[in-house]
Structures are given as structure tokens and as C-alpha cells.
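Please keep the structure open while you read each solution.

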Amino acid sequence: MRIYKILTIGLILIFSSESIGQGFYNRYGYRTKRHEINFGGGATSCLTDLGGRDAIGSGFLWDIDIAKTSYIGSFSYVYNALSKFALRFNLAYLNISGDDRYAGNFHRNNRRLNFETSIIETAAIFELTLITAKTGDRYNLKGPARKFIKARKPTGLGLYIFGGVGGFLFEPHGYDRFIDDKGNVTGSGIKYKLRPLHTEGQGMEGGPERFSEGETYSQFAICAPVGFGLKKAFSNNSGLKIEASYRFTNTDYLDDVSTLYYDREKLIQKYGEVSGKMSGTSTGRKYTYVTYIYDGNIPIGAVESPETGGGNAYTIERRYTEIGDQRGNPVNDDGYMYVTISIYKKFTNHAKSYRPIRRNQKRKVKASF
């Protein structure tokens with residue numbers, strides 16, 4: 001519901017601003033340069049259950065894992081439909097990753113899970129210009145020396161916001177790299193595809209309820225891009241953009257982690273030794289707690305310890321990654337973000353494609369110096 005609300009508000013802002021926010025400067029110039037292409041690249045990060053700082057995953061920007069910053073390449077086609085409103089079709093290839101070994105929180109670090117995935121994304125995006133990027137003076141006037149008069153504000157930066165909807169493909173991988181109860185790193189270090197391993201018991205008895213028997217999460221998910229950008233025009237046809245965006249998604253499995261630790265032995269029986277290993281169940285450090293038993297049903301591994309709590313007191317040694325313990329946080333879906341720098345090129349329409357609004361309309365040009 002949050003995604004749909006954001007899109008609805010964005011569309012209202014777009015069309016309301018078009019009706020009341022038309023400016024005089026270059027008001028109809030977009031009609032001669034409707035088509036535009038962009039090429040860019042930059043840095044990516046993500047908000048998932050893995051990695052992060054000294055806090056439980058909460059979907060806030062201060063939980064970003066800076067150490068796992070990665071890359072993106074993008075291409076987009078822009079159609080300038082109105083003077084301040086454009087439609088963009090975006091294609092991007094990017095990589096995101098997370099690793100608990102960089103986490104400051106004890107439970108995350110002890111979990112020792114990790115992932116990385118490449119993403120192929122396509123999206124339809126609506127752009128709303130708040131400040132128009134400018135070059136030269138308003139009317140491209142020349143002085144006595146036949147040189148163009150400089151702009152009063154030579155920076156001429158433009159500002160725009162955007163929102164839209166898209167889809168993407170992903171395939172998380174992880175390394176066999178855990179720790180034992182003494183804090184030593186163990187494992188082969190081999191990289192595995194995680195989705196086919198059903199590491200949380202997806203589609204198995206006692207696993208997450210959302211999956212039918214034999215099913216696991218999809219490689220395809222929906223995203224809702226939102227963000228803003230700065231535009232610097234070098235000429236009427238080209239320039240530079242710096243853009244920051246966030247992608248809300250409808251999946252919590254970008255990192256293969258969402259719910260609880262599943263029975264390691266059942267995973268091994270169903271999907272092999274690798275599945276049990278990459279689930280992370282029963283790995284990491286141990287702790288001891290005291291319990292009282294009165295019915296004689298003494299759990300395996302329980303040790304009678306009257307010296308710690310009197311009669312019927314037992315101590316049990318467990319790990320922080322036992323069956324049924326929290327592995328991830330299913331409340332918040334995963335998301336990813338990136339910052340890109342791109343160059344853009346506008347193409348001039350064929351002369352016959354340009355028409356004034358009214359052929360007989362007389363326009364009054366009011367100069368301002």
C-alpha cells in the first residue's frame with residue numbers, strides 16, 4: 001500500500017504543477033527537442049537483513065552497509081511530453097551485496113550470513129522539473145562584439161524529482177563462510193546459488209506459510225523508483241545529470257533472508273548438505289541458560305545444576321542460531337538505491353513536426369533586462 005500511495009501523490013503533483021507552474025522561459029522549446037537519451041554509471045547500496053550497522057534491520061538509511069558499496073550502469077530514453085513533465089524508460093544493470101562480518105550488532109555478526117546479486121532492472125518513470133536548467137541568456141542575445149551575453153546565474157542548475165514503477169530480475173549467491181562457537185571462521189569459502197537451496201524451508205513443512213509445497217521465492221520482483229536529480233546543461237542539446245534514487249520492492253529475499261532458522265537436518269535430507277550448511281542453522285557462538293523442569297521430561301543436553309538455581313534447576317547450552325530463532329525481519333521488504341552520473345543528449349525534431357499552438361495566435365514577447 002505504501003508504494004501505491006507514493007505513486008498516487010506523485011501523479012497528483014505532476015499534473016497540478018503542469019497546470020499552475022508554467023513559466024515563460026523556453027515554454028514551448030521542448031516541442032522541438034522531445035527525444036533524449038542518457039548513459040550513466042555510479043555506486044549502489046541496499047537495505048536488507050544482512051550487514052548493516054549496530055542495529056536491527058529497519059529500512060532506514062543510517063543502516064546502510066558502506067563497506068559493500070557496488071556499481072551500476074544505466075541507459076534511458078526520455079520523452080519530453082510537456083515543458084516540465086517527461087516520461088522516461090530506464091534500463092539498468094547493477095550489483096548489490098551485504099555481509100554480516102561488517103555488522104556492528106552482535107547477533108548479526110554471529111549469524112555470519114552474506115549475499116551478493118546482480119540485478120537487471122527496467123522501469124517506466126515520470127519526471128517533474130522543479131527548476132529548469134539554463135544555458136546562456138534568456139533570449140540568446142549577442143553583444144556588440146557578436147558574443148553571447150552571459151547568464152546572470154552561470155551555474156544554471158536544474159532540479160527534478162521522479163517516481164515510477166518497474167520490474168527486475170535477481171539471483172542471490174552466498175559464500176560458505178561461518179564462525180564456530182569460539183569465533184573462528186570456518187567453511188570452504190565456495191560460492192553457491194542460494195535460491196534453489198530453500199535455506200529457510202520455503203515450500204517445506206513448518207517453513208514460511210506463504211509458499212506452497214516445493215515452492216520458493218521468485219527471481220522476478222516489482223520495484224517503485226523514487227528520487228531526485230540535478231541537471232547541468234552545456235548546450236541546448238546536451239549536459240550532465242547527477243541523480244539519487246531509492247527502489248522500494250515487493251520482495252524480502254534480495255539477500256535470501258526473511259524469517260526464521262529452519263531444521264538443518266530436514267534441509268540436508270531434502271536439498272543436500274550444501275542447503276543445511278548455507279542455512280546457517282546451529283552455527284556461531286554458544287550461550288548457557290537456566291531452566292526448571294518438574295515433569296521429568298529433561299531435554300537432550302540439559303545438565304542438572306542445583307548449585308545455580310536450587311532443586312529442579314538445569315542448565316542448557318544453546319547457540320544463537322537454533323531452529324525457530326530469528327534469522328531475518330519479515331516486516332520490512334528489502335530495497336536498494338544508487339547514485340549515478342550520466343550524460344544526456346537531446347535530438348531536434350524534424351522541422352515539419354513542430355507546430356505552434358494556434359497558427360493565427362499573436363505572441364507578445366516581453367523582454368526583461
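**Exercise 1. Which strands each supply at least two residues of the nonpolar patch, and which residues make this patch?**

Step 1. Strand 2 (70–80), strand 3, strand 5 and strand 10 each supply at least two residues of the nonpolar patch, and the model in which they are found is a predicted one.

Step 2. The patch covers about 1000 Å² of surface and is made by Phe-39, Tyr-71, Phe-75, Leu-91, Tyr-93, Ile-120, Val-165, Leu-169, Phe-220, Ile-222 and Ile-343.

Step 3. Take Tyr-93 as an example from strand 3: its relative accessibility is 40%, so Tyr-93 counts as partly exposed.

**Exercise 2. Describe the largest nonpolar core and the surroundings of Leu-254.**

Step 1. The largest nonpolar core has 25 residues, and those that touch the most other members are Leu-94, Ile-96, Ile-119, Phe-168, Phe-170, Leu-254 and Tyr-336.

Step 2. Two or more residues of this core come from each of strand 3 (85–99), strand 4 (114–131), strand 5 (158–170), strand 10 (220–233) and strand 15 (335–347), and the most come from strand 3, which gives 3.

Step 3. Once neighbours within four places in sequence are left aside, Leu-254 is in contact with residues including Ile-96, Ile-119, Phe-168, Phe-170 and Tyr-336, and also with Thr-48, Asp-334 and Gly-335.

Step 4. Another core, of 5 residues, lies apart from this one, and among its members are Leu-47, Tyr-246, Phe-248 and Met-337.

**Exercise 3. Is Glu-243 buried or exposed, and with which side chains does Glu-243 make polar contacts?**

Step 1. Glu-243 belongs to strand 11 (residues 238–249), and its relative accessibility is 9%, below the 20% limit, so Glu-243 counts as buried.

Step 2. The side chain of Glu-243 is joined to that of Arg-88 by a polar contact of 2.9 Å, and to that of Tyr-160 by a polar contact of 2.6 Å.

Step 3. Arg-88 also forms a salt bridge with Glu-127, in which the closest N and O atoms are 2.9 Å apart; because Arg-88 lies in strand 3 and Glu-127 in strand 4, the pair ties together parts that are 39 residues apart in sequence.

Step 4. Arg-88, at 5% relative accessibility, counts as buried, and Glu-127 is buried with a relative accessible area of 5%.

**Exercise 4. Which parts of the chain are linked by the salt bridge of Arg-247 with Glu-121, and which by that of Glu-171 with Arg-195?**

Step 1. In the salt bridge between Arg-247 and Glu-121 the closest N and O atoms are 3.0 Å apart; this pair links strand 11, where Arg-247 lies, with strand 4, where Glu-121 lies, across 126 residues.

Step 2. Arg-247 counts as buried at 1% relative accessibility, and Glu-121 is buried with a relative accessible area of 0%.

Step 3. Glu-171 and Arg-195 meet through their side chains in a salt bridge of 3.7 Å, N to O; Glu-171 is in the loop between strand 5 and strand 6 (173–175), while Arg-195 is in the loop between strand 9 (191–193) and strand 10, 24 residues apart.

**Exercise 5. Which residue caps the N-terminal end of helix 3, and through which atoms?**

Step 1. The cap of helix 3 (residues 264–271) is Asp-263, which has a side-chain oxygen 2.9 Å from the backbone nitrogen of Glu-265.

Step 2. After helix 3 comes Gly-272, whose phi is positive, near 100°.

Key
Residues are numbered from 1 along each chain as its sequence is written. This is a predicted model: local features need pLDDT of at least 70, side-chain atom pairs count only at pLDDT 80 or more; totals for chains, interfaces and linings use all residues. Side-chain values use heavy atoms; hydrogens and water are left out. A nonpolar core is a set of buried Ala, Val, Leu, Ile, Met, Phe, Trp, Tyr and Cys residues joined through side-chain atoms within 4.5 Å. Buried means under 20% relative accessible area, exposed over 50%, partly exposed in between (1.4 Å probe, protein chains only). Helices (H or I, at least four residues) and strands (E, at least two) are DSSP runs, numbered from the N terminus. Contact means heavy atoms within 4.5 Å. Patches are made of residues with over 30% relative accessible area and no salt bridge: like charges are joined within 9 Å, nonpolar side chains (Val, Leu, Ile, Met, Phe, Trp, Tyr) within 5 Å. Accessible areas come from the Shrake-Rupley method with a 1.4 Å probe; for residues, only the protein chains shown count as cover. A salt bridge is a side-chain nitrogen of Lys or Arg within 4 Å of a carboxyl oxygen of Asp or Glu. A polar contact is a pair of N or O atoms within 3.5 Å; within protein, one must be able to donate a hydrogen and the other to accept it, and residues adjacent in sequence count only if both atoms are side-chain atoms.
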